[in-house]
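Please open the viewer and keep the selection panel at hand. The tour moves from the whole chain to single residues.

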Amino acid sequence: MEAQYRINAQSWLDGNFDEETKNQVRELMAGDEAALEDAFYRNLEFGTGGLRGVMGVGTNRMNKYVVGMATQGLANYIKKNVKRDNLSVSISYDSRNHSEEFARISADILAANGLDVYLFESLRPTPELSYAIRSNKSIAGIMVTASHNPAEYNGYKVFWEDGAQITSPVDKDIVTEVGKITDPSMILYTAPEGAKAGKITIMGAEMDEKYMNDILSLTLSPEAREKHSDLKLVYTPLHGTGVKIVPECLRRLGFKNVYHVPEQDVNDGNFPTVVSPNPEEASALKMALEVADREGADIVLATDPDADRVGIAVRDNEGKMVLFNGNQTASILTYYILTRWKELGKLDSTKYIIKTIVTSETLREIADSFGIKCYNVLTGFKYIADVVRRNEGKGEFICGGEESYGFNVGEFVRDKDAPIACSMVAECAAWAAEQGLTLYQLMDKIYAQYGYRKEALTSLVRKGKSGVEEIAAIMAGLRSNPPADLAGSPVVKVVDYLKPEQTGLPSSNVLQFFSANGDVVSVRPSGTEPKIKFYFGAKGDNAAQIIDKLKAQFVK
């Protein structure tokens, strides 16, 4: 009996696909059997946030046909379920290979379905798309990006009218509609005879101006910025979209010394100067750190290709550049913003912050010390945005963050926002300098007040069909046989987020183990990458040693 993946591949040879695509399928069928199987053994899953996968031909790959079918499913959902005039969708894309092509195909399909489209003239950050959706009063948005993944990946994120990535029940209903599109012949590329096509409007500098003006409205310490405008900042977009916005924001904030990494200002989906364009990885900041040492800079700022995550490096007490992790950046920004809000008389019981379940408890302790609420949500900024949406008219979101280098301030963007985060880090540095502190010393001050914490993340990458099965087996083993201790301290609580009746949160494939000493281990398969993630957290002077023990215990 012929394997299903070969049957699927043959269907592409027999179906309504262009000749170039068919030739690539023939090459796969005549070559590496494992590569053919991985390309066709399943459909690339349109999950609750959209698509992400390796680019190439096949049902399990990112290509114009898979993108087209997803867009047709989204159009069908909107036409069936949203009954109002002047429906539009806003679209942006990053610097990845084929991103512009996928964005323009999506725009054409939506217009053929009678929906108006706002399409950026060239690549723009994910958070600016979130902003544009709200500004345009669009019903939805599409961002073509694979965020910080390696160069062979691309993806397709879907947002809803509040500017946030789709959540339940809309996400599941869109997934259902996308699943009904089983062949390219079901895609509308031109409007049917007698039907009116939607209008495609190009966005550019005007939206940039609105977005940057609102970013500047969030800032809190103009006097400190003016006094310390000579701070030296190095910025790299890692070949991505941030170059369009971040340096200009820093200059408008008054910072006179913004240094670039010219080779990385070039938009290039092959990301030639880095192994992976991920600001979480020290190697991605190597060239920026070299510029910082050459120029004597105080801070390095790096954003990923779609500019929703930011990584930073600061000078330690010996003058050496050291990297902050996402927990540290979120902690220092939260402390700064709440301090200034209090000094400005803006804090009251209706204000709140948000963090994710795998993000440092330091954020909650900071919020407690200022007398405001801290919400704890599932991993993913869409869950932060969902709390903001549900609290509209009842409370005000100040800021929120997650350990994976995402942070946001204010309510006009409903996703993590690196241009905002970069602007606030720079201003925070000026505010700290006014008190005679570097950002490194400000972090030490926070540790002194709230206790030293150390967090670490280890990921096991397991690619292909066998990798999916191995990750599932690891989670099943931890559920059936949970650890009795964490680094020698008894486990006192196990939280299984597949059980919403226990957590009060949506069901999610995450496990958390808490010890008597207050240490925590969280385990979750990535929803977008072929990996399983282990998050380790420890508190106290010996936190580093505990982290090492936890890694040895869990990561085999």
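This is a predicted model: local features need pLDDT of at least 70, side-chain atom pairs count only at pLDDT 80 or more; totals for chains, interfaces and linings use all residues.

**The whole protein.** Next, switch to a cartoon display: the protein contains 20 helices and 21 strands. Its radius of gyration is 24 Å, close to the 24 Å given by the globule rule for 556 residues, so the protein is as compact as a globular protein of that length.

**Contacts along the chain.** Colour the chain by residue number. Among contacts between residues at least 6 apart in sequence, 69% join residues at least 24 apart.

**Surface and interior.** Now display the surface. The protein exposes about 22,000 Å², and carbon and sulfur atoms supply 49% of this area. Of the 556 residues, 58% count as buried.

**Charges.** Select the charged side chains: 63 are positive and 75 are negative. The centres of these two sets lie 4 Å apart.

**The cysteines.** How many disulfides does the structure hold? It holds zero. Select Cys399, whose nearest cysteine sulfur, that of Cys374, is 9.3 Å away; a disulfide would require the two sulfur atoms to be within 2.5 Å. Cys399 counts as buried because its relative accessibility is 0%. Is Cys428 buried or exposed? Cys428 is buried, with a relative accessible area of 1%.

Methods. Residues are numbered from 1 along each chain as its sequence is written. Side-chain values use heavy atoms; hydrogens and water are left out. Buried means under 20% relative accessible area, exposed over 50%, partly exposed in between (1.4 Å probe, protein chains only). Helices (H or I, at least four residues) and strands (E, at least two) are DSSP runs, numbered from the N terminus. The radius of gyration is taken over C-alpha atoms; the globule rule is 2.2 Å times the number of residues to the power 0.38. Contact means heavy atoms within 4.5 Å. Accessible areas come from the Shrake-Rupley method with a 1.4 Å probe; for residues, only the protein chains shown count as cover. Lys and Arg count as positive and Asp and Glu as negative; His and the chain ends are not counted. The place of a charge is taken as NZ of Lys, CZ of Arg, CG of Asp or CD of Glu.
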